[in-house]
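Open the model in your viewer and keep the selection tool at hand. The stops below are meant to be followed in order.

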Amino acid sequence: MKFLRFVLSVVLMSLATVAFAQSDAHKMAEPKAPAPKSEAQTSFDAMKTLAGDWEGPVKTDMPVEAKVDIKPLLHVSMRVTSRGNVLVHEFQEAGTPLDPAKYDHPVTMLYVDVDADRLTLVHYCDAGNRPRMTGKISPDGKTLEFDFADLSGSNKYGHMYHSVFTIIDANHHTEDWTYLLPGDKPVHAHFDLQRAK
């Protein structure tokens, strides 16, 4: 009889252990709530909504002595790449072919620098340099402003210094870019862009 009680105790303890183990396994398998997004990731997600093709007029306060012919209509293309980790921004004069020997075609890359938890913009400029800027989103989530951080390459012809993207709605946004000419003379450009059909 003692042996039977002993065996029964061992069986009950084993069942209890299995039940607790299954309960713990179930708790571990339950999905966890996603961690809240950082400001940098929220900003990047807002920028990614601009993926697509855009066209619109450009206005600038370029000095007359610069003798740069700015066409009044601009084409902007934005696409998400690298498994959603990069937004590529390209602009050119509307209606021109992709001929880098004849036409300007600067490229800008936007991404979240996870180590520093900041939204980063790198502009691959036709002036032969790469200014890097860091961005912040406005409290209403409609404006993303990028401030100059540093520059790679020559500053002989100046460099892009500041940019602001303002989301009006799903089919309309503006971009404001500030370029510093040699001697730190700012030139501003304003793009008023509608989503191309």
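Predicted model: local features only at pLDDT ≥ 70, side-chain atom pairs only at ≥ 80, totals over all residues.

Residues are numbered from 1 along each chain as its sequence is written, and side-chain values use heavy atoms, with hydrogens and water left out.

**Stop 1: the barrel**

Show the cartoon. Ten strands form a closed barrel in the order β1-β2-β3-β4-β5-β6-β7-β8-β9-β10, with antiparallel pairing. From one strand to the next, the twist averages 25 degrees; axes here are lines fitted to C-alpha atoms, for helices over the stretch in contact, and angles run from 0 to 180 degrees between N-to-C directions. Strands are DSSP runs of E with at least two residues, numbered from the N terminus, and two of them pair if DSSP finds at least two bridges between them.

**Stop 2: both sides of β1**

Select residues 52-60, which are strand β1. β1 pairs with β2 (residues 73-81) in the antiparallel sense over six bridges, and E55 has H75 of β2 as its bridge partner. Five bridges join β1 to β10 (residues 185-195), also antiparallel; there V58 stands opposite F191.

Now move to β3, which is joined to β4 (residues 107-113) by five antiparallel bridges. V88 has M109 in β4 as its bridge partner.

**Stop 3: aromatic pairs**

F91 and F191 are edge-to-face, because their ring centres are 5.3 Å apart and their planes stand at 70 degrees. This pair links distant parts of the chain, F91 in β3 (residues 86-93) and F191 in β10, 100 residues apart. F91 is buried at 13% relative accessibility, and F191 is buried at 4%; buried means under 20% relative accessible area, exposed over 50% and partly exposed in between, with a 1.4 Å probe and protein chains only.

Next select F148 and Y161. Their ring centres are 5.3 Å apart with planes at 20 degrees, so the pair is stacked. F148 belongs to β7 (residues 143-153) and Y161 to β8 (residues 159-169), 13 residues apart. F148 is partly exposed at 28% relative accessibility, as is Y161 at 35%.

**Stop 4: the ring cluster and the core**

Select F91, F146, F165, W177 and F191, a cluster linked by ring pairs.

What does F146 touch, not counting residues up to four places away in sequence? Its contacts (heavy atoms within 4.5 Å) include L110, L119, M133, H162, S163 and F165.

**Stop 5**

S163 is in β8 and is buried, with a relative accessible area of 0%. Leaving out residues up to four places away in sequence, S163 touches L121, M133, L144, E145, F146, D176 and W177.

Finish at V187 in β10, a buried residue at 6% relative accessible area.

How values were computed: Helix = DSSP H or I, 4+ residues; strand = E, 2+ residues; numbered from the N terminus. Phe/Tyr/Trp six-rings, centres within 6.5 Å; stacked < 30°, edge-to-face > 60°.
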